[in-house]
Amino acid sequence: MKWCLFFLFSSFYVQAQAPLVVDIISSENFSLRYEEFLDGRSVLDVEDFHPSTKGSHIEIIEMVLLQQALHLGGEQRKVIFNPKPSVNIIEFSDLIAGESLVLARSTWHEDLLDYKGSLFVSEPLVEYGEYEAGFYVAKRNIALHNMPAERLNQLTVVANPRWKVDWRALNNTDVNIVSFIGPWETMLEMVETEIVDAMLVNFSVSQSLVLNFEGREYVPINELKLFLPDSRHFVVSKRHPDGKRVFAALNKGLAILKERGILRKALTESGFINEKVAPWHMVNEAMLMRGIQ
Amino acid sequence: MSWLKGCWCYCMLLIAYEAHSADTVTQQKQTISAAFEQLKFQMKSGYELSSLPQLRVIRSQAAHYAQREIVIHTILIEASIRQHFGDYKHSLSMHYEALDMAEQLNNPRIMVKTLLAVIDLELDLERFDHAARYINRVVQIGNSLQSGDELLVHIKLWQARTHLERGSFRQAQHELDLGRKLPLEDKRLSAELLLTEAQVALKLGDYLLSQTLLSEFSAKYMLVADTKAKLNYQLALAASTLQAGMFTEAITLAMTGLDQTFHTRYLEEQSSLQRLLASAFAQVGNYQQAHLYLKRYSLTERALDQQKRNNKVLQLEAQYALAHQQQQVSLLEKDNTLKAQQIVQHRQVLENSKLTQQRWLLIGVLCAAAIVFVYWRWQNIRYTTRLETQVAQRTAELKERNERLQALSFTDSLTGLNNRHYFFSTIDSQINALKPKHDIIFCMIDIDHFKRINDTYGHAAGDLVLQSFADILKQCTRSSDLLVRWGGEEFLLVMPDMSTRDAQEVVERIRQQVERFPFIVNGETVQCTCSIGFAPYPLMTGEFKQASWEQVLELADSGLYLAKEVNRNTWIGLDSVSASEPIDFDYLLKNYKEQVRLGSIVISSSYEGLQVPV
C-alpha cells in the first residue's frame, strides 16, 4: 500500500514538473527572435509588446500571450517550444493524434471546422472583424496611392486561394483578383514589377505604414482597408492526455487577458491592430453585419 | 423511347391545332400554355435532356404566337440544362438572350425569374462580382413585387447563396433569416431554404444548428427533395456529424452519400464527401482509409479542376465572343455616334455657312440697297440739282426772255427806242421819284413830211430814216432821259430834272442836228426836219391846280401841232400857264392856240416872229 501511494504521488509529481511542450513553426527562426524579444525578461513580465526584432512580430506575441494565458489559467509548468515544419502544423496531424498538445500560433476558425471533433478551439485571440489589412502597392506607383473606393474595380490584386479568408475578403470587394499559389515574397515582387497592382498585407507597424522588404518599399492605398472575415484561435489536442486541462487553463487565461485589456494592448502595440487606420474606409464593411448581428 | 413518343405526340397535337382552321389564335395560345405547363410538370424531377425537343417545339410555337413569356421560360430551361451539362458558352448566350427579351417585356416577375437564372449561372461560373451586380438589380426590381409574392423568398435564397459562394457567411445567414420570415407555401423552396441555412451554419462552425435544420429538412421535405438536394442533405449531415466529433457516424453518412454520387455528374459533392471521409478516417486513426479517400479526393478534385478549367476556357471564349461582339457593337455605336456627330457638325457647318451666306446676302442686299439708295439719292440730288439748275436756267432764261420780252414789249423793234408801253409802265415811278422844285420836260417830236419820204423812197427807206432819226435823238439826249417812239414818225422825249430853258436848248440842238443830218436813202441824201412841242411838269394851271402828266403831255403834243402848223422844223415849248382864274384843262387843250394868243399859255419857240394862226 505504501509503495502504491508513493508511486501515485511520484507520478503526479513527475507530471506536475514535466515541461509543457508547445509546437511552433520551424520554418522561420521564431525561437531566436523570441529570445531576442524577451531580452532576458521573464515571459510573464512582458507588458510592452512593441516590436524589437526584424520580421513578422505577431508570431512572437502569440508565443508570449499563450504562455501568459496558460499561467493565468493555472498552468504553472515550464513551457518548451518544439519547432515543427509548417506543413505538419497546417494539417494538425500531430495535434489530432495527440502527439502534440498545443500550438503557439493562432489559426483561422475556418481552417478548424473539420477538426473540431479532435481539437479544442480556444476563445478567439483575434475577434471577427479585428484583423485588418491594406492594399499594398509599390511606393513608386504613385498613381495608385490615393485611389478612391469607387475605382477599386480597376485594381488588380494578387491573392493565394489557399488563404481562404483573404480570398473571401477580396471576393466581397470590387477588385480584380489574380490567383497565385506560391511564396509570399514572389507576390510582393509581382506588385513591384506591376504584374498586379496590389497585394493584401496587414498594416505595417511603421509610423508611415510603409512596408520595407529587401530594400523595396510598399505603401497601402490611402484611406482604404478591409478586414479578414474570420476569428483566430489557439488549438489544443483533444487526444493528448493534458489536452483538456491545458485547454481549460488556456481559455481561462485568455478570458483574464481579455478582461485586463492585455489582448487588445498586445495586438495594438505589436501593430496587428493599427489605430492609425481606424478611420479608414472599410471596403468590405457589409460583411461585418454591423448593427444586424 | 418514351420521350420520342411524347415528342411526336406534342408535334402532332400542335400541328393539328395549327391546321384546324376554326380554332382561334386564343385557343392556340391556350394550347401552347397548357403544353408548356405539362412539360414543366414532367421536368420537376430534374434536368432531363429528353425534354429538350418538346421544349424547342413549344418555344417555336410560342414565338409564332408572340407568347414571349413562354419563349423566355423555354430559353431559360434549355440554358439551365446546358449549364448543368457543362455547355456554359451556349448557356451564357441563351441566358443573355432571355434577359434581353425579359427587359423588353417589362414584367417584373419575368425579369426577376430571368435574373435569378442568370445569377445561378454566374455563381456556377464563379463570377461572383457579376452575380452580386445582378443580385442588386433583382433586389431593386423585387421592391415592386407584392408583399406575399413567393418570388421574394426566391430572391432572399439567391442573395444568401451568393453571399455563401462569396464567403460572406454572416450576410448569407441574415438573408436566410429574413427569407424564412416571409410567407411561403412552396415545399421545394422551403427545403432549399432550410438546406442552404444548414450549409451556412456549417460554414460558421455551428454544427448544432445545422443538425437541427437538417432534422427539420428530413422530417418535412425529404419526399419532395430532388436528387441533388438529397445529396447535399447527406453531405451537410455528414459534415455536421464530423464537426461534432462523431467520426464513425460521419463516415457512415458520408459513405451513403458517396454511393449516391456514383454515375452522376455531382462531382463537387463527391469530392467533398471524399475529403470528409479522409478527414474522418484520419481523426479515428485509420490512416490507410484516410489515405485512400485522400487519393480519391485528389482524383476527383483533379477531374473537377479539369472540368472547371475547361468550363473557364469556354466561359472565357463566350465572354470573349460576347466582349468581341459588344466591342463590335460598341465600335459600331461609336462609329454611328461619330458619324451622327459628324452629320450634326456637317449640318451645323452647313447651317452656319447658310446663315453666313444669308448674313452676307443680307449684308449684300443691305449694301446694295444702301448703294442703290445712295445712288438714287445721289441721282436724285443730281437730278434735283440738275432740275434746280435747269429750273434756275429756265428761270434765268425765262427771266431773260421775260426781260427780253419785256424789253421787246417795251422797245420799238425798228429804232431800238422804248415804246409807249414802256413809257406808261415807268412814268408814274419817275413822277414819284421827282425831287421837289425839279421839273420833267415832256417833249413830243415828229418828223416833218415823213409820208412824202415813204411815198418817194418806199417804206424801207422810211424805216432807215426813222432809225437814223432815233440815233440822232439818242445822241442829243442824256442817258437819264427817256426816249420813246410814240408811234409812226412821232417820238416822245421825257427829260427829268430839267428846266424849261435847258429843254429849249436840247430841242433846238435836236432840230438843228436833224436839219443838218444827211439821211442816206437808196444811195441818195435826203434832208429831213422835225417839229417839236414840249411842256414842263409840274405845271400849274391855276393858283391851286396842277396839271397831270397826261395833261402836260397833251399840252406838249398841242405845242407840236402848233409848230407843225406854224412852220415845221420848229419847236414850241410851253413855259407856263398864267391864268388869273382856274382854267378847265379840257378847255385849255381845245383852245390851245387861242389861249396862246390870249397869253394864258406862255410859250417859247425856235421860230422867230411866231404868229399863232387862228
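Residues are numbered from 1 along each chain as its sequence is written, and chains are lettered from A and ligands numbered from 1 in the order in which they are written. Because the model is predicted, local features need pLDDT of at least 70 and side-chain atom pairs count only at pLDDT 80 or more, while totals for chains, interfaces and linings use all residues.

Chain A and chain B meet through 17 residues from chain A and 17 residues from chain B. Two residues are in contact if their C-beta atoms, placed from the backbone, lie within 7 Å. On the side of chain A that touches chain B there are seven nonpolar, six polar and four charged residues. Here Ala, Val, Leu, Ile, Met, Phe, Trp, Tyr, Cys and Pro count as nonpolar, Asp, Glu, Lys and Arg as charged, and the others, Gly among them, as polar.

Chain B holds an open sheet of seven strands with mixed pairing, in the order 1-3-4-2-7-10-11. Helices (H or I, at least four residues) and strands (E, at least two) are DSSP runs, numbered from the N terminus. Two strands pair if DSSP finds at least two bridges between them. Strand 1 (418-419) and strand 11 (601-605) of chain B are the edge strands, each pairing on one side only. Strand 3 (residues 482-487) and strand 4 (residues 490-496) of chain B are antiparallel, with five bridges; B:Val484 has B:Leu492 in strand 4 of chain B as its bridge partner.

Two helices of chain B that pack on this sheet are listed below. Axes are lines fitted to C-alpha atoms, for helices over the stretch in contact, and angles run from 0 to 180 degrees between N-to-C directions.

| Helix of chain B | Strands touched | Angle between directions |
|---|---|---|
| Helix 16 (residues 420-432) | strand 1, strand 2 (440-447), strand 3, strand 4 | about 140° with strand 3 |
| Helix 20 (residues 549-566) | strand 2, strand 7 (530-537), strand 10 (571-577), strand 11 | about 150° with strand 7 |

Helix 14 (residues 267-283) of chain B is largely enclosed by the rest of the structure, because 15 of its 17 residues are buried. A residue is buried if 20 or more other C-beta atoms lie within 10 Å of its own, exposed if 12 or fewer, and partly exposed in between. After helix 14 of chain B comes B:Gly285, with a positive phi near 85°.

B:Asp149 lies in the loop between helix 7 (128-142) and helix 8 (151-166) of chain B. B:Asp149 is partly exposed, with 17 other C-beta atoms within 10 Å.
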